[in-house]
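Here is a short briefing to read with the model open beside you. Take it one topic at a time, and look up each residue as you go.

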Amino acid sequence: MTRRIDPRLHDAKRAAILDAAERLVATKGYDAMSLQDLLDALGMSKGAFYHYFESKPDVLLALVERRTAAVEADLRALVEDRGLSGRDKLERHFAAVDDWKRDEGRIVVDVARSWYADENALLRHRLLVHGLGRVTPLLAQIIRQGVEEGAFTAPDPEQTARMLLCLRHDLGRAIAEAVVADPHGEPDVARMAEATADAIERLLGAAPGSLWPAARALRPRRSAAT
């Protein structure tokens, strides 16, 4: 007789595995975390683990995908908020992403250490394309609203949204590479963020200095990231 799997229980257990992995990344780092560490933390056998994930890298991918889903959900809520202007929605989106990166500094750095390794290049590309497909249409709606309100002058909101996300992605990569290269240094995050904010404002046709105030005050929390 074929065993029936309850989707809700399966999803709950999978989420518990990811929660445990996230805690271990925060305390040990992704590279130092072994699969056995994760199994011990969960009180789970290796056979049971393989019902949910194929490998440790598969857990890493799921962690990144879960974050992408959270960004998508937050962005969708902003799109549907009729009480905010397009510019306000964009600012809140940027601020939420930046706040998460600061608050989860250790996790971001340790995941980045493995995530930006050469062997994950294809995986990164696939996830970027996947994320662009999910987030670009939502961001385009916000940009289109900003154009209608006169805050932006971007002639093609869809393509502008795509380029904006690529700029944000490149900023994240630049910061991660700087921190990974010198874990105890102080990369000039503010300078990188300022340059990206300027490029985004030009891309949108927004007034200089009118967007992304969080980026202009961005500072890494070294105590969380080291």
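**The annotated region**

Helices here are DSSP runs of H or I with at least four residues, strands are runs of E with at least two, and both are numbered from the N terminus. An unreviewed UniProt entry places the feature "DNA-binding region" at residues 34-53; UniProt positions follow the numbering used here, feature names are shortened, and annotations may be inferred rather than shown by experiment.

Please keep in mind that this is a predicted model, where local features need pLDDT of at least 70, side-chain atom pairs count only at pLDDT 80 or more, and totals for chains, interfaces and linings use all residues. Residues are numbered from 1 along each chain as its sequence is written, and side-chain values use heavy atoms, leaving out hydrogens and water.

**Salt bridges**

- A search of the whole structure finds 5 salt bridges, each being a side-chain nitrogen of Lys or Arg within 4 Å of a carboxyl oxygen of Asp or Glu.
- One of them joins the side chains of Arg-66 and Asp-19, at 3.0 Å from N to O. This pair links distant parts of the chain, with Arg-66 in helix α4 (residues 56-79) and Asp-19 in helix α1 (residues 7-28), 47 residues apart.
- Arg-66 also meets Glu-22 in a salt bridge, at 3.8 Å from N to O. Here Arg-66 in helix α4 is linked to Glu-22 in helix α1, 44 residues apart.
- Arg-66 is partly exposed, with a relative accessible area of 29% (buried means under 20%, exposed over 50%, and partly exposed in between, using a 1.4 Å probe and protein chains only). Asp-19 is partly exposed at 31%, and Glu-22 is partly exposed at 28%.
- The side chains of Arg-134 and Glu-72 form another salt bridge, at 2.9 Å from N to O. Arg-134 lies in helix α7 and Glu-72 in helix α4, so this pair ties together parts that are 62 residues apart in sequence.
- Arg-134 counts as partly exposed at 21% relative accessibility, whereas Glu-72 is buried at 14%. Salt bridges with shared partners join Asp-19, Glu-22 and Arg-66 into one network.

**Leu-139 and its contacts**

- Leu-139 lies in helix α7 (residues 121-148) and is buried, with a relative accessible area of 0%.
- Leaving aside residues up to four places away in sequence, Leu-139 touches Leu-75, Leu-90, His-93, Ala-161, Leu-164 and Leu-165; contact means heavy atoms within 4.5 Å.
- Leu-139 and Leu-75 are 64 residues apart in sequence, yet 7.4 Å apart in space, C-alpha to C-alpha.

**Helix α9**

- Helix α9 (residues 189-204) has 16 residues and reaches 22 Å from its first C-alpha to its last, close to the 22 Å expected at 1.5 Å a residue. That expected span is 1.5 Å times one less than the number of residues.
- The buried residues of α9 are Val-189, Ala-190, Met-192, Ala-193, Thr-196, Ala-197, Ile-200, Glu-201 and Leu-204. Seen down the axis of α9, they fall within an arc of 165 degrees, so they line one face of the helix; the arc is that of the directions from the helix axis to the C-beta atoms.
- Arg-191 and Arg-202 are exposed on the other side of α9.
- Just after α9, Gly-205 takes a positive phi of about 75 degrees.
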